[in-house]
Amino acid sequence: MSLHVFGIRHHGPGCARSLRQALHELQPDILLVEGPPEGSTQLSWLGHEDLKPPVALLVYPPDAPQRAAFYPFAVFSPEWQALQYAHQQGLPARFIDLPRAQALVLDVGAAEAEHSSGDDDPPQLDAPALPNGPAQPHGPQQSAGAPSSAAAVPAHDPPLRDWSEEVADDPLGVLALAAGYSDRELWWEHQVEQRLDPSGLFQGIMEAMAALREECRATRRAAGSTPATGPAYGNGRTLEALREASMRQGIRAAQQEGYQRIAVVCGAWHAPALRDPGPARDDALLLKGLPRVKVEVAWVPWSYTRLCLRSGYGAGVASPGWYEHLWEARERAGLRWAARAARLLRQRDLDASAASVIEAVRLAEALAALRGLPMPGLAELNEAILSALCAASPARLRLIQQQLEVGHRLGRVPADAPAVPLQRDLEAQQRRLRLRPTTEQKVLDLDLRNETDRARSQLLHRLLLLEIAWGQPEEVGGKAGTFHEYWRLEWQVEFSVSLIEASVWGQTVAEAAANRGRDLADKAQDLSALTELLDRAMLAGLPELVTHVIGRLQAHAAVSADVRQLMDSLPALARVIRYGDVRATSVQQVLPIFGGLFERALVGLPGACSALGDQAAEEMAASIGRAQESLDLLDRPEESSAWRQLLMRLLEDDSIHGLLRGWCCRLLLEQRAIDADMLHRQARLALSAAVPPRQAAAWVEGLLRGSGLVVLHHDPLWQALDAWLQDLSHEVFVELLPMVRRAFAGFHPPERRAMAEKVRRLGAAAAAPATLPTQPGQEAPLNTERASLVLPVLARVLGVAAHKGHMGENAS
């Protein structure tokens, strides 16, 4: 009976290729892999043609899917290749890590202990209630009454650095630093990925990890720490110790079943702890009595974006796209990579000739030779491509890195593999509507007059109700009419967990969205939330939810007396009325609600606008703007006429805050309900000396809201504003300057530039001498100085000789 332990890095094509060769030479009769034992039941899907990596095993408790764990696999992952080898050879394969059903309980206990620890206490993690002894704190232990570890160390002698956790977290990084590399990815690529002869690789990894673990234990003993890393769970049990004990138990089970050649594939750090399982008694005691929860397992698609180290995945790699290329194109990998880079540049209409590709490959090979490497790596290829293909443009190289080094590959899972019914319904609709999920951002233009596009829009809106933001609506521009929708689509692998969480609302997307919307409606506390939900229900095409929300809206509106809430609820109702026919939905139920809310707002607004402070006036102005927006969206002459009359009343009421009166003046001006003379009269009244300066400044701020073009061409308004500013004392001007600057801050730069030109021209006109007639019939005097500038050009045009001394005579 023989045991062979292969310590690997979780994602690496060189390691995967060496492992396949080692397994072929060993010919084991069973394969044991580091992974959740619950996932062993899913290994029967390995031979399915629709199971395409990258994929992940999803292990989750049904009652708390947000605590799910993913175990990703790529085509170049050593574990995936080992499992594929076992499937092809007909060998039994198992996962032997600590069951996720138990690890979940330990994780929750540690998190709760961390959350409950006080700020004044030393950082530690208490264990959950486990048998076999009390919980042990994480870190140095000391007897009662002993001084703290910091006080026990003399000031002149610094404490011994405990770097064992750093070694356990990133052993490859420590080895890279020891070899003189600052980049662990580069060290791994040179030592493993570019290795031409794989013999002795796993023996070398075993020896290196054994030395690191021994040094780690010695360092912790010298520092007075516990001999193992990680939070403790009673009797000195750490998560690492529990995991390794579980894996040894899995090895012993295979030995007891009579298997003669056992192959174990695990992370390199754990390999020395598994090569000699030893007696089972200690591990059995360590694992005894661990609590567990119910979990379920499923295959889910994964992506290279989430496999990337930059995503925060601890076992990720920097360049999954490059590693896939190394796995698939071992021969002449550099040439094929440069050719792919050139193809990508040509697709973006950038120059990339065949000669440049050849030059890039030659340069990369020369760099590899200078650095003593057997073949060009990614660093050499990037340098060569930057020089020969990208014309030294970092932007082009970043494009290649984003599209090729990382990539946007998304895996695939068989349609009949275990999954929640909600996910299967979504997949069926994706196929029916030809909406293929991809991790690459994609803009979708939908024509809502088309039945298929309308169904796509409804699906995306239903997913938004379930908080699954596969698509985000974009502002529509450059399209005539109201029947276009823009969406930006980007699939995230985490949506698999979101679908599991959302499955509590129903087994189909429509049912789940309707049930969750009904729950939101029942919990809504204000009208604006209900009207917004009504708009979303209409967009999602859920008539039952629409009826429920309308009922809640009517009940809430009957008792609501907040005028601002009434006005804030109008825009969503206006959108429903305006766009309902485009989406083939009836809006007859909504029209009476809009009319009733608008009438109540019309009656209550004057009283609500009295005696407001600055902050309350700002909020009220925003609500008035929303009501105006709603009327602008609809063609309802009666409501618009009543609204303008109300704004006129507010405009002429001196007891109302200046910001609101200025804002009403602006809204009436935009609707052409007041003419220029009326505007100038209001400006003189609002900016007169009798008005307090702060109220006058607030009126200016209200008037200048919105587009600056509306008020740009009213010269008397600007002259009144200029006169008001000149009459302010220095102290008052400094006090009001923030308000005046805020009034102009909302304009676009071209508008502010035009306003500055307007002020300059008004100032020049005021300073110029009067040359226009002051009485009817009186001729304007001739300005000979200005006329003399035109005469030479006029003489040339007319072909008349103009003499400097007789220009006046020639002109006459």
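This is a predicted model: local features need pLDDT of at least 70, side-chain atom pairs count only at pLDDT 80 or more; totals for chains, interfaces and linings use all residues.
Ser 303 sits in the loop between β7 and α12 (304-307).

Now show what surrounds Ser 303. Leaving aside residues up to four places away in sequence, Ser 303 touches Pro 54, Arg 409, Leu 410, Thr 439 and Val 493.

Which strands make up the open sheet, and in what order? There are three, ordered β4-β3-β7, and the pairing is antiparallel. Colour the edges next: β4 (69-73) and β7 (296-301) each have a single partner strand, so one side of each has no neighbour in the sheet. On average, neighbouring strands here are turned by 25° against each other, direction ignored.

Zoom in on β3 (residues 55-60). Five bridges join β3 to β4, and the two run antiparallel. Pick Val 55: opposite it, in β4, stands Phe 73.

Helix α20 lies across β3, β4 and β7, and runs at about 35° to β3.

Last stop: helices α1 (residues 13-26) and α13 (residues 320-328). Their axes come within 9 Å and cross at roughly 35°. Show side chains for Pro 13, Ala 16, Arg 17 and Arg 20 on α1, and for Tyr 323, Leu 326 and Trp 327 on α13; these residues make the contact. What classes meet here? Five of the residues are nonpolar, two are charged and none is polar.

Definitions and conventions
Residues are numbered from 1 along each chain as its sequence is written. Side-chain values use heavy atoms; hydrogens and water are left out. Axes are lines fitted to C-alpha atoms, for helices over the stretch in contact, and angles run from 0 to 180 degrees between N-to-C directions. Helices (H or I, at least four residues) and strands (E, at least two) are DSSP runs, numbered from the N terminus. Contact means heavy atoms within 4.5 Å. Ala, Val, Leu, Ile, Met, Phe, Trp, Tyr, Cys and Pro count as nonpolar, Asp, Glu, Lys and Arg as charged, and the others, Gly among them, as polar. Two strands pair if DSSP finds at least two bridges between them.
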